[in-house]
Amino acid sequence: MEVAPGVISVGQRRGGQVHAYVFEVGRSLTLIDTLFDTDASAILNCLRRLGRAVSDIDSIVLTHGHRSHLGGAALLKTLSGAKVYSHEWEADIVSGDRKAQAVSLKPIRPFRTYPFQAGLGLGLGRHPACPVDDLLKEGDSVGPLQVLHTPGHTPGHLAFLWPERRVLVAGDAIATWPYFSAGWPGLNLNKAQHRSSLHRMASLGPEVIGVGHGDPITAGGTERIHELLERPTSGEGR
Ligand SMILES: [Zn+2]
Ligand SMILES: [Zn+2]
């Protein structure tokens, strides 16, 4: 699905309606996140539909080191020869040298996300280890994208902005599945940081927002973030 000119979203049911994003600038492709499945089939099919080769991917950038987003990373890196990027704090999780930080097992709404919360709480769910080639920090750029350090969900969580198109990929800072919320509260590590990251993202005035779980927001993105910030619990429950 093309959510804006040159921005394609690709999702799968497994991993919690997880979504990845392909950015096209000329012949060059930048991929944000890699979905759940380790065979990367949904992304490879998407490239086929676009009439593009996997070797057209120059960069694979990762919002953070959670299992649902890392499944296809190792295979796609091998097939494409692309460089893999993440924030420093997430890199050793992506490379398989450290487990993702555990969360509490106390069930927190929405309960449809509890299998993911429990998995993280128990340290289950390995992805194929994928070496990270380069680290990203606030102010860097990759392809057409500006890198935003947006901690809260995880300490090294990144979001990406294509300023000319007013497209933001918010990763797991915002979710639209199972309903619209400020990410999945049971998996957000630091509430205060998460809230300031939402403020920061709203201040950039995005129109279109790609989220980690659920369909992208195709219009009125900034207003939608304000809606979350106005909820008493930063849009966590409902
Ligand atoms: Zn996550
Ligand atoms: Zn996620």
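**Chat about a predicted model with zinc**

Modeller: In this predicted model, the backbone oxygen of Arg-126 sits 3.0 Å from a polar atom of the Arg-67 side chain.

Colleague: OK, and where is Arg-67 in the fold?

Modeller: Arg-67 is in the loop between E5 and H3.

Colleague: Which residue does Asp-37 meet in a salt bridge, then?

Modeller: Arg-14, at 3.0 Å from N to O. Asp-37 lies in the loop between strand E4 (28-32) and helix H2 (41-50), while Arg-14 is in helix H1 (residues 14-17), so the pair ties together parts 23 residues apart in sequence.

Colleague: Buried or exposed, that Asp-37?

Modeller: Asp-37 counts as buried, at 18% relative accessibility. Arg-14 is partly exposed, with a relative accessible area of 45%.

Colleague: How many salt bridges are there in total?

Modeller: The count comes to 11 salt bridges. Among them is Lys-137 with Asp-140, where the closest N and O atoms are 3.3 Å apart. Lys-137 is exposed, with a relative accessible area of 52%, whereas Asp-140 is buried at 19%.

Colleague: What about Arg-224 and Glu-227?

Modeller: Their side chains meet in a salt bridge too, 3.1 Å from N to O. They are three residues apart in helix H7 (residues 221-230), which separates them by about one helical turn. Arg-224 is partly exposed, with a relative accessible area of 28%, and Glu-227 is partly exposed as well, at 35%. Elsewhere, Glu-24, Arg-27, Arg-52 and Asp-56 are joined into one network by salt bridges that share partners.

Colleague: Which ring face does Arg-224 lie over?

Modeller: Phe-180, with Arg-224 at 4.1 Å from the ring centre. There's also Arg-98, which lies over the face of Trp-89 at 4.3 Å from the ring centre.

Colleague: Switching to the metal. What coordinates the zinc ion (ligand 2)?

Modeller: His-69 through NE2, Asp-172 through OD and His-213 through NE2, at 2.0 Å. Along the chain, those donors follow the spacing H-x102-D-x40-H.

Colleague: Which of the zinc ions does Asp-172 bridge?

Modeller: Asp-172 bridges the zinc ion (ligand 2) and the zinc ion (ligand 1), and the two lie 3.2 Å apart. As for the histidines, His-69 is in the loop between strand E5 (57-61) and helix H3 (73-80) and His-213 is in strand E12 (residues 208-213), so this pair ties together parts 144 residues apart in sequence.

Colleague: Are those two histidines buried or exposed?

Modeller: His-69 is buried, and His-213 is buried as well.

Colleague: Rings next. How many aromatic pairs does the structure hold?

Modeller: It holds three aromatic pairs. Take Phe-23 and Trp-162: their ring centres are 5.8 Å apart and their planes are at 55°, so the pair is tilted. Phe-23 is in strand E3 (residues 18-25) and Trp-162 in strand E10 (residues 158-162), so to speak a link between distant parts of the chain, 139 residues apart. Phe-23 counts as buried at 0% relative accessibility, and Trp-162 counts as buried at 5%.

Colleague: And how do Trp-177 and Trp-184 sit?

Modeller: Their ring centres are 6.0 Å apart with the planes at 55°, so that pair is tilted. Both residues are buried, and together with Phe-116 they form one aromatic cluster.

Colleague: What's phi doing at Leu-35?

Modeller: Phi of Leu-35 is near 65°, a positive value in a residue other than glycine. Leu-35 is in the loop between E4 and H2 and counts as buried, at 3% relative accessibility. Arg-166 has a positive phi too, about 55°, and lies in the loop between E10 and E11.

Conventions: Residues numbered from 1 in each chain as written. Chains lettered and ligands numbered in written order. Predicted model: local features only at pLDDT ≥ 70, side-chain atom pairs only at ≥ 80, totals over all residues. Heavy atoms only, no water. Donors = N, O, S within 2.8 Å, 3.2 Å for Na, K, Ca; no water. Helix = DSSP H or I, 4+ residues; strand = E, 2+ residues; numbered from the N terminus. Buried < 20%, exposed > 50% of the residue type's maximum accessible area, 1.4 Å probe, protein only. Phe/Tyr/Trp six-rings, centres within 6.5 Å; stacked < 30°, edge-to-face > 60°. Lys NZ or Arg CZ within 6 Å of the ring centre and 35° of its normal. Polar contact = N/O pair within 3.5 Å; in protein donor to acceptor, adjacent residues only side chain to side chain. Salt bridge = Lys/Arg side-chain N within 4 Å of Asp/Glu carboxyl O.
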